[in-house]
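Here are a few friendly notes to read with the model open beside you. Take them one at a time, and find each residue as you go.

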Amino acid sequence: MTGDRIVLGIESSCDETGVGIVRLGADGTIELLADEVASSVEQHARFGGVVPEVASRAHLEAMIPTMSRALEKSGMTLDDVDSIAVTAGPGLAGALLVGVSAAKAYAAALDKPLYGVNHLAGHVAADTLEHGPLPSPCVALLVSGGHSQLLLVEDLAGKITEIGSTIDDAAGEAYDKVARVLDLPYPGGPPIDKLAKTGNGCAIAFPRGLTGPRDAKYDFSFSGLKTAVARWVENRERDGLEIPLADVAASFQEAVADVLTGKAIRAIKDLGLDTLVISGGVAANSRLSGLAAERCAAAGITLRVPRPRLCTDNGAMIAAVGAHLVAAGAEPSGLDLATDPGLPVSQVQIL
């Protein structure tokens with residue numbers, strides 16, 4: 001590859017409309033030029049979760065304004081763009097369709113190559129925008145509202161292997177459900193994290209799912225923890241006792257962080273590796289990042305966590321995956337690119 005390349009990324013898998021622009025250098029470095037996001041989270045808050053039809057409509061309304069802001073921020077025009085990457089899965093079917101349709105239109109109008117990429121790979125690639133190239137191989141802990149996975153990352157352009165996943169609720173989903181029990185706003189992650197700072201994480205011994213000697217050592221389960229919190233609160237209310245909200249939040253959060261970091265460290269040791277990347281929306285959680293830092297330091301493991309802005313859904317992370325594909329000389333996707341709401345993380349690109 002000779003000369004710099006400008007890669008534009010479009011994200012619309014859930015409730016954020018993201019447009020990111022990166023510069024892929026001739027030496028393979030990736031420079032973030034713009035990262036603009038429009039969120040529809042406030043429109044979903046009163047429902048206690050994302051409403052697919054509302055999300056799709058919000059993407060339609062936000063796509064062009066978000067694109068305009070990204071181009072202005074980067075100092076680029078559409079004519080400067082060399083390649084377009086777009087989230088093709090996994091995600092909400094209608095939401096994905098809006099982003100892919102927009103990307104196809106831009107690619108066709110500009111006669112530029114199109115890359116349909118994996119949203120989950122994007123979360124891992126987001127770290128390269130802050131900390132540079134990933135060591136190969138490394139382990140990534142991906143934690144969000146819909147996913148809790150341990151990944152062996154050998155090549156962001158094509159070789160990512162799931163070594164562990166949740167068998168029920170994702171960590172972010174458990175946060176939302178516990179927040180509802182505690183009468184906290186949606187989404188549940190930030191208010192629980194804030195409340196937990198004034199509580200005692202050792203006050204209540206909530207269960208750690210799938211941590212027994214015969215359990216799958218890299219898989220997760222948070223459904224039982226969510227239920228345990230609900231039952232503990234119900235029992236206190238039944239007995240007319242005060243609910244120590246801060247202690248409940250802190251103890252719940254401690255259980256989640258303990259399991260996530262414990263299994264991630266175990267996987268790295270078992271595989272003989274030395275780098276852990278934590279990505280996804282829940283990576284912004286203060287206790288998760290704090291406990292991970294403590295345990296990684298004790299084990300001599302390098303920890304990489306993108307800044308909070310890059311942890312949540314955004315177009316920059318999709319542009320980063322596109323840049324890796326361009327650098328690897330990957331074949332572009334066709335204009336007949338289809339979305340796949342259930343796309344596995346092992347498939348980084350849809351042709």
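1. Let us begin with a word you will need throughout: a residue is buried when its relative accessible area is under 20%, exposed when it is over 50%, and partly exposed in between, using a 1.4 Å probe and protein chains only. Please keep in mind that this is a predicted model, in which local features need pLDDT of at least 70 and side-chain atom pairs count only at pLDDT 80 or more, while totals for chains, interfaces and linings use all residues. Residues are numbered from 1 along each chain as its sequence is written, and side-chain values use heavy atoms, with hydrogens and water left out.

2. Start with the aromatic rings. Rings of Phe, Tyr and Trp (its six-membered ring) pair if their centres lie within 6.5 Å; planes under 30 degrees apart are called stacked, over 60 edge-to-face, and the rest tilted. Across the whole structure there are two aromatic pairs. In one of them, Tyr175 and Phe252 have ring centres 4.9 Å apart and planes at 75°, so this pair is edge-to-face. Tyr175 is buried, with a relative accessible area of 3%, and Phe252 is buried at 0%.

3. The other pair is made by Phe220 and Phe222, whose rings are stacked, with 6.1 Å from centre to centre and 10° between the planes. Is Phe220 buried or exposed? Phe220 is buried, at 0% relative accessibility, and Phe222 is buried as well, at 1%.

4. Now look at Ser221. Where is Ser221 found? Ser221 sits in the loop between α7 (189-196) and α8 (223-238); helices here are DSSP runs of H or I with at least four residues, strands are runs of E with at least two, and both are numbered from the N terminus. Ser221 is buried, because its relative accessibility is 14%. Its side chain makes a polar contact of 2.6 Å with that of Asp168 (a pair of N or O atoms within 3.5 Å; within protein, one must be able to donate a hydrogen and the other to accept it, and residues adjacent in sequence count only if both atoms are side-chain atoms). Leaving aside residues up to four places away in sequence, Ser221 touches Thr166, Ile167, Asp168, Gly209 and Leu210, where contact means heavy atoms within 4.5 Å.

5. Next, trace the open sheet. Five strands make it up in the order β8-β7-β6-β9-β10, with mixed pairing; two strands pair if DSSP finds at least two bridges between them. β8 (159-165) and β10 (302-304) stand at the edges with a single partner strand each, so one side of each has no neighbour in the sheet. Strands β6 (residues 138-143) and β9 (residues 275-279) pair in the parallel sense over four bridges, and Leu142 stands opposite Ser279 in β9.

6. Helix α9 (residues 245-271) lies across β6, β7 (148-155), β8 and β9, and runs at about 160° to β6. Axes are lines fitted to C-alpha atoms, for helices over the stretch in contact, and angles run from 0 to 180 degrees between N-to-C directions.

7. Finally, the charged side chains. How many salt bridges are there? The count is 18, a salt bridge being a side-chain nitrogen of Lys or Arg within 4 Å of a carboxyl oxygen of Asp or Glu. One of them joins Glu154 and Lys159, with the closest N and O atoms 3.8 Å apart. Glu154 is partly exposed at 30%, and Lys159 is partly exposed at 45%. Another joins Glu234 and Arg231, at 3.4 Å between the closest N and O atoms; these two are three residues apart in helix α8, so about one helical turn separates them.
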